[in-house]
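Student: I would like a close look at a single part of this structure, the place where the two chains touch. Please also set it beside the sheet in each chain.

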2 protein chains.
Amino acid sequence: MRNILIIGAGRSASSLIQYLLNKSESEQLHLTIGDLSAELAERKTNGHPNARAIAFDIFNETQRHEEISRANIVISMLPAHLHYEVAKDCITYKKHMVTASYISPAMQNLDELVIANNLVFMNEVGLDPGIDHMSAMKILDEIRDKGGKVKLFESFCGGLVAPESDNNLWNYKFTWNPRNVVLAGQGGTAKFIQEGTYKYIPYNKLFRRTEFMHVEGYGRFEGYANRDSLKYRSVYGLDDVLTLYRGTLRRVGFSKSWNMFVTLGMTDDTYVMENSEKMSYREFTNSFLPYHPTDSVELKLRHVLKIDQDDIQWDKLLELDLFNPNKIVGLRDATPAQILEKILSDKWTLNHDDKDMIVMYHKFGYELNGETKQIDATMVCIGDDQTYTAMAKTVGLPVAIAALQILNGNITTPGVQLPINREVYTPILKELEEFGVVFHEKHVPYMGYNPQNVAS
Amino acid sequence: MRNILIIGAGRSASSLIQYLLNKSESEQLHLTIGDLSAELAERKTNGHPNARAIAFDIFNETQRHEEISRANIVISMLPAHLHYEVAKDCITYKKHMVTASYISPAMQNLDELVIANNLVFMNEVGLDPGIDHMSAMKILDEIRDKGGKVKLFESFCGGLVAPESDNNLWNYKFTWNPRNVVLAGQGGTAKFIQEGTYKYIPYNKLFRRTEFMHVEGYGRFEGYANRDSLKYRSVYGLDDVLTLYRGTLRRVGFSKSWNMFVTLGMTDDTYVMENSEKMSYREFTNSFLPYHPTDSVELKLRHVLKIDQDDIQWDKLLELDLFNPNKIVGLRDATPAQILEKILSDKWTLNHDDKDMIVMYHKFGYELNGETKQIDATMVCIGDDQTYTAMAKTVGLPVAIAALQILNGNITTPGVQLPINREVYTPILKELEEFGVVFHEKHVPYMGYNPQNVAS
């Protein structure tokens with residue numbers, strides 16, 4: 001039996017563990033599943049004989065050394081900043097390692113040591129980062145193999161609610177970490193290139209500069225810019241590309257409505273509000289509006305945001321109960337962002353039978369034999385239930401597949417790696433198709449960058 | 001002769017030095033004026049026999065010890081973060097000290113030592129902070145002496161261009177540090193209280209929530225909120241006040257226009273723009289607008305900011321040459337804020353014969369014998385010329401007067417001090433009147449907080 005140590009049994013580990021347990025007989029695998037909560041780890045084993053659940057504390061050095069030394073490969077599903085502790089031990093005991101997280105500078109610094117020990121540390125092999133890298137590199141490599149020159153690359157990804165569970169005015173529910181949704185776009189100006197021109201969008205305009213996309217069978221979506229569109233420019237071999245844009249997908253209309261919170265200041269996470277614990281939702285809203293002895297909070301907000309009486313924005317705000325004087329925040333020393341998250345969670349938490357959905361959309365513009373062409377590639381994945389969510393599948397399955405490929409000696413290039421090489425992405429993307437993670441490619445006319453998506 | 005050491009001979013030291021030199025005979029004063037530039041220090045002596053100019057490097061310990069030990073009192077007009085070096089030596093050699101800067105935590109920590117040595121370290125005794133503290137405390141004390149209870153305190157201050165030099169569409173020129181003007185309002189949400197309710201304004205709305213004021217003989221002004229309205233609440237004895245608001249004054253219309261830069265992202269100082277050195281003003285503007293193959297930068301900007309063709313906002317932008325393709329930024333690795341400062345400086349730098357103007361506006365609402373009352377106090381100071389500017393007078397004169405009062409034993413309370421006690425503000429405010437720094441008080445109906453300033 002080959003031992004796989006999985007550290008962290010949270011939401012993103014469900015499909016990962018299920019995949020490996022299903023393969024445990026044929027592939028001779030034994031899983032050790034460690035989590036701070038032994039009960040959570042136990043539940044994820046599903047009583048399978050080839051799995052052992054343990055209470056695992058990453059800061060318990062003795063336990064960490066013991067478990068890592070016994071493993072053939074280690075999968076860390078911990079929060080990103082904790083991988084480093086695991087990584088150091090993996091080098092000591094010469095174990096391969098897999099994570100779904102961005103490569104931190106600390107992790108990157110281990111590259112030489114990892115290579116010297118002939119180990120594979122595969123990172124960013126979940127969804128985003130992960131499937132986005134792999135699916136993009138596959139098509140980019142195909143274009144370049146044919147002699148094409150890439151001129152445009154745009155890539156969007158979003159975690160959304162599945163159409164069958166999409167029953168609120170925002171067409172949105174929290175399918176992952178709500179805090180990240182509330183803070184989205186903060187911490188730096190969005191920067192990208194359009195047709196060779198660098199463009200910058202400040203936070204106050206980020207949700208007002210969206211781009212529309214249509215996905216066959218799933219309707220329209222909109223994308224707003226990520227902060228880091230240029231991060232993978234060199235890694236993807238796109239240094240000469242004219243347009244490089246990465247973004248987040250939402251249903252059409254979400255961003256315009258979200259911008260109301262931005263404009264009011266409700267997404268601010270930099271200060272604590274007075275009396276947040278006993279404040280009502282209505283008082284929270286009023287904190288961001290001018291004082292008036294008699295005017296209502298409602299009218300002041302309509303005036304500040306210029307909302308007509310028949311504007312759907314208004315119904316969206318009502319749906320969230322933002323003017324309710326009886327609902328109390330109940331969070332001590334909370335920032336506006338924390339309070340907004342609380343208010344949204346009342347309405348945007350998935351119901352027991354709700355399903356989530358992952359949507360990815362890539363655009364590749366290129367020149368081949370003097371002609372300009374474009375490929376649009378889309379992927380939609382719907383969750384099975386609240387355990388095997390689309391997020392759990394798309395994050396966990398590629399991690400699991402990568403781990404098994406490394407264990408079986410099919411992925412061998414040593415070092416701190418991303419899944420951007422053919423030997424890595426080819427088998428993973430292929431196997432993901434069995435699980436419904438399929439990219440549909442469509443040849444469309446190349447239009448350069450055109451925000452209205454209209455051939456003019 | 002009593003020796004006064006003045007460290008820093010920059011713009012704010014002109015009136016300060018002139019005042020002390022004029023008193024040097026009658027008061028038996030000898031000034032040592034130290035600056036990194038000996039030539040600048042020399043110029044400020046005006047060839048006066050009671051002054052000595054020296055090249056002074058605050059980091060030259062030997063020189064610092066020597067000069068401070070020879071002084072009877074030290075005035076530091078250095079940038080705020082450099083006072084601490086001077087302060088430590090002032091304790092060692094038992095010298096009083098005066099600054100126009102905010103008390104830093106490091107400075108505050110010296111309080112016990114300063115008291116133990118029976119020294120006076122007077123800070124925040126320039127304009128803002130300084131004259132604002134003194135003039136506010138004078139009226140607050142008078143109200144409380146009569147048995148009044150303060151319910152509202154609002155205070156505004158602005159450095160502007162004098163009416164006779166006010167000849168651009170923005171009614172504004174740089175009269176002090178342009179960088180601070182470009183960065184105004186950044187680094188934290190504005191927080192204040194209106195009628196007992198805490199209010200918060202995010203940066204993107206800061207310049208859209210102004211309040212109008214009228215100053216007899218000088219017309220209308222508008223104020224936008226400072227970040228730190230509540231900073232002096234306890235110091236001023238205003239813990240129970242219902243409305244506490246501090247702001248910055250501009251001519252009416254400035255803030256709405258300034259908000260265009262905020263909305264576009266041009267005031268951002270957190271990242272460096274690509275190719276800033278060779279970028280034209282037009283390219284700078286275009287960086288914040290969506291790409292389009294044929295639409296003009298002008299139309300894209302009008303569209304994004306919703307500017308009609310006959311809107312004065314447009315003329316204000318044209319006046320700044322923001323669409324000029326031939327003017328080059330010429331700053332390497334510059335942030336948007338640095339580039340905007342450069343562009344504005346082309347147009348907003350004072351001409352040789354321009355004069356500046358300081359305006360201060362306080363409102364005091366209070367209850368006395370069951371009646372509500374309000375006092376509005378205003379002060380306007382116009383510069384004499386480009387050396388003895390309104391800013392130099394209002395910053396430098398109270399510093400000089402305070403120093404002389406301390407030297408003459410009229411201000412004696414030891415410690416790290418603010419000018420909020422009667423023994424301090426009474427003689428200083430009185431003497432400032434001789435220099436035209438006069439507050440005009442007016443009794444007006446108390447209206448509580450009312451943004452339209454209309455008795456309704």
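Tutor: What follows goes through the contact between the chains and then turns to the sheets. Keep in mind that this is a predicted model.

Start with the extent of the contact. The size of an interface is often given as the accessible area lost when the parts come together. Here chain B and chain A bury about 2800 Å² between them, and 53% of that area is on carbon and sulfur atoms. Chain B contributes 31 residues to the contact, and chain A contributes 31 residues. On the chain B side, the residues that lose the most area to chain A are Tyr200(B), Glu274(B) and Tyr291(B). Together these three account for 26% of what that side buries.

Glu274(B) also takes part in a specific pairing. Its side chain meets that of Lys191(A) in a salt bridge, with 2.6 Å from N to O. Across the interface of chain B and chain A, the rule finds two salt bridges. Polar contacts can be counted as well: there are 18 residue pairs in polar contact between chain B and chain A, both residues being at pLDDT 80 or more.

Which elements of chain B supply the side that touches chain A? Strand S8 (190-194), strand S9 (197-201), helix H10 (203-206), helix H11 (254-264) and helix H13 (297-305) of chain B each supply at least two residues. S9(B) gives the most to this side, with four residues. Sorted by class, the side of chain B that touches chain A has 14 nonpolar, nine polar and eight charged residues.

A search of the whole structure finds 49 salt bridges over all chains. One salt bridge within chain A joins the side chains of Lys138(A) and Glu142(A), at 3.2 Å from N to O. Lys138(A) and Glu142(A) are four residues apart in helix H7 (residues 131-145) of chain A, so about one helical turn separates them.

Now the sheet of chain B. Seven strands form an open sheet with parallel pairing, in the order S3-S2-S1-S4-S5-S6-S15 (chain B). Strand S3 (51-55) and strand S15 (415-417) of chain B are at the edges with a single partner strand each, so one side of each has no neighbour in the sheet. From one strand to the next, the twist averages 15°. Within this sheet, strand S4 (residues 73-76) and strand S5 (residues 96-99) of chain B pair in the parallel sense over four bridges. Ser76(B) stands opposite Thr99(B) in S5(B). Helix H4 (residues 61-70) of chain B packs on the sheet, touching strand S1 (2-7), strand S2 (29-35), S3 and S4 of chain B. The direction of H4(B) makes about 165° with that of S3(B). Helix H5 (residues 83-92) of chain B packs on the sheet too, touching S1, S4, S5 and strand S6 (120-122) of chain B.

Chain A has an open sheet of seven strands with parallel pairing, in the order S3-S2-S1-S4-S5-S6-S15 (chain A). Five bridges join strand S2 (residues 29-35) of chain A to S3(A). In that pairing, Ala53(A) in S3(A) is the bridge partner of Ile33(A). Helix H1 (residues 14-22) of chain A lies across strand S1 (2-7), S2, S3 and strand S4 (73-76) of chain A, at about 155° to S2(A).

Note on methods
Residues numbered from 1 in each chain as written. Chains lettered and ligands numbered in written order. Predicted model: local features only at pLDDT ≥ 70, side-chain atom pairs only at ≥ 80, totals over all residues. Heavy atoms only, no water. Pairing = 2+ DSSP bridges. Axes fitted to C-alpha atoms, helices over the stretch in contact; angles between N-to-C directions. Contact = heavy atoms within 4.5 Å. Buried area = accessible area lost by both parts, 1.4 Å probe. Salt bridge = Lys/Arg side-chain N within 4 Å of Asp/Glu carboxyl O. Polar contact = N/O pair within 3.5 Å; in protein donor to acceptor, adjacent residues only side chain to side chain. Nonpolar A, V, L, I, M, F, W, Y, C, P; charged D, E, K, R; others polar.
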